Amino acid sequence: MRYLTARKRAEGKGAAGTGTEHFWYMKMSGVGLAIITPVFLVAFGRALGGDRAEVLDAFSHPGMAILTGLMIFFGLRHFAGGAQTMIEDYAHGMTRRALIIAVTVLSYGMIATGLFALAKIAL
């Protein structure tokens with residue numbers, strides 16, 4: 001038998017039981033994205049407008065490939081977390097579950113597609 005008060009059992013938990021962890025993940029991924037997004041935009045902007053060979057050369061550089069991979073992965077995971085929060089706020093029941101599954105599948109599918117394309121360019 002556990003000797004915990006109701007407040008102690010509920011502390012740090014949202015309605016789903018993982019509210020605090022989700023909140024901090026979104027905060028930390030947002031800060032990380034705020035740091036790497038400007039760097040990525042400058043690097044991407046330099047490659048933008050070049051011919052095919054110049055763009056392939058720019059994205060085949062290891063630094064640019066790693067930066068792009070990080071941007072794809074963490075950007076889409078942040079998107080999935082935000083979309084899940086929005087769905088949890090506005091949808092209920094089976095619709096909520098189906099939409100969360102759809103957003104998760106869409107996010108991971110886009111991550112896989114983006115990283116595959118990046119690997120084809122970089123390698």
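Predicted model: local features only at pLDDT ≥ 70, side-chain atom pairs only at ≥ 80, totals over all residues.
1. Residues are numbered from 1 along each chain as its sequence is written, and side-chain values use heavy atoms, with hydrogens and water left out.

2. On the overall layout, the protein chain has five helices and zero strands, in the order α-α-α-α-α along the sequence. Helices (H or I, at least four residues) and strands (E, at least two) are DSSP runs, numbered from the N terminus. Of the 123 residues, 22% count as buried; buried means under 20% relative accessible area, exposed over 50%, and partly exposed in between (1.4 Å probe, protein chains only).

3. Do have a look at how α2 (residues 19–47) packs with α4: their axes come within 9 Å and cross at roughly 140°. Axes are lines fitted to C-alpha atoms, for helices over the stretch in contact, and angles run from 0 to 180 degrees between N-to-C directions. The two helices, α2 and α4, are therefore oblique to each other; angles under 35 degrees count as roughly parallel, over 145 as roughly antiparallel, 65 to 115 as roughly perpendicular and the rest as oblique. Contacts (heavy atoms within 4.5 Å) involve, among others, H22, M26, L33 and F40 in α2, and M64, L67, F74 and H78 in α4.

4. The aromatic residues also deserve a moment, as the structure holds four aromatic pairs. The rings of F23 and W24 have centres 5.5 Å apart and planes at 80°, so this pair is edge-to-face. F73 and F74 form another edge-to-face pair, at 5.1 Å centre to centre with 85° between the planes. Rings of Phe, Tyr and Trp (its six-membered ring) pair if their centres lie within 6.5 Å; planes under 30 degrees apart count as stacked, over 60 as edge-to-face and the rest as tilted.

5. Finally, F23 is partly exposed at 43% relative accessibility, as is W24 at 49%. F40, F44 and F59 form one aromatic cluster.
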